[in-house]
Amino acid sequence: GALRPAADHGTRGPPGNVTTRRLFFALWPGEEERDATLAASRPVREGLGGRVVPRANLHLTLCFLGEAAADAEREYRRTADGIRRDPVTIQLDTLEWWEGPRVLCATSAAAMPDALDLARKICPDIKSFRAHVTLAREVGALAPPTAWPMSPVTWRCDRFVLVESRRDALYSVAGEWTLYSA
């Protein structure tokens with residue numbers, strides 16, 4: 001069956017003694033991309049405050065899966081095993097503050113069709129997708145403007161990963177799949 005993204009980030013696993021892991025698929029940048037993203041966003045990010053996302057956690061979520069038991073995780077991995085496509089290139093050129101979740105994100109003024117295509121290959125039933133990289137959480141309320149230009153940063157991603165969100169607020173890569181040029 002098709003993978004279904006979690007309804008929201010508050011989804012909890014099955015009742016009982018079933019062991020689950022909180023999982024999501026993501027584009028995972030290299031060290032240079034992380035450094036460039038942080039450098040380009042620094043003036044706005046430092047001016048707004050909030051809880052900065054640790055450098056090692058920077059990523060672009062493709063599909064949030066929520067709490068997953070081992071059998072569901074095996075199905076997610078089988079779906080990922082079957083994905084064939086070229087590497088994904090994204091350009092981040094805009095910083096936005098999102099009021100609902102109170103986060104500062106790097107995103108793009110233009111659509112990112114490659115990221116959307118990969119997200120749909122992983123989770124065909126995905127309802128909405130806005131490619132972004134969360135840079136800070138718990139950013140206080142802002143008066144306009146709530147978007148700022150950023151020096152463009154390009155991520156060329158030749159892999160996507162399955163990530164576990166652990167209770168210690170760090171992410172660990174639980175699996176990775178290579179994207180090949182045709």
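Which handedness does the disulfide of Cys63 and Cys123 have? Select those two residues and look along the S-S bond: the torsion there is about -90°, so the disulfide is left-handed. Keep in mind that you are looking at a predicted model. The two sulfurs sit 2.0 Å apart, and the disulfide count comes to one. Now colour by element of structure: Cys63 lies in strand β3 (residues 60–69) and Cys123 in the loop between α3 (113–122) and β6, so the pair ties together parts that are 60 residues apart in sequence. Both Cys63 and Cys123 are buried.

Now move to helix α1, residues 31–48. Its 18 residues should span 26 Å at 1.5 Å a residue, and the end C-alpha atoms are 24 Å apart, which agrees. Stop at Arg42, where α1 bends by about 65°; a proline, Pro43, follows within four residues. Then show the buried side of the selection: among the buried residues of α1 are Glu33, Thr37, Leu38, Val44 and Arg45. What covers the buried residues of α1 includes β2 (51–52), β4 (88–98) and β7 (147–157).

Last stop: Gly49, which follows α1 and has a positive phi, near 75°.

Key. Residues are numbered from 1 along each chain as its sequence is written. This is a predicted model: local features need pLDDT of at least 70, side-chain atom pairs count only at pLDDT 80 or more; totals for chains, interfaces and linings use all residues. Side-chain values use heavy atoms; hydrogens and water are left out. Helices (H or I, at least four residues) and strands (E, at least two) are DSSP runs, numbered from the N terminus. The expected span of a helix is 1.5 Å times one less than its number of residues. The bend at a residue is the angle between axes fitted to the seven residues ending there and the seven starting there. Buried means under 20% relative accessible area, exposed over 50%, partly exposed in between (1.4 Å probe, protein chains only). Contact means heavy atoms within 4.5 Å. A disulfide is a pair of cysteine sulfur atoms within 2.5 Å.
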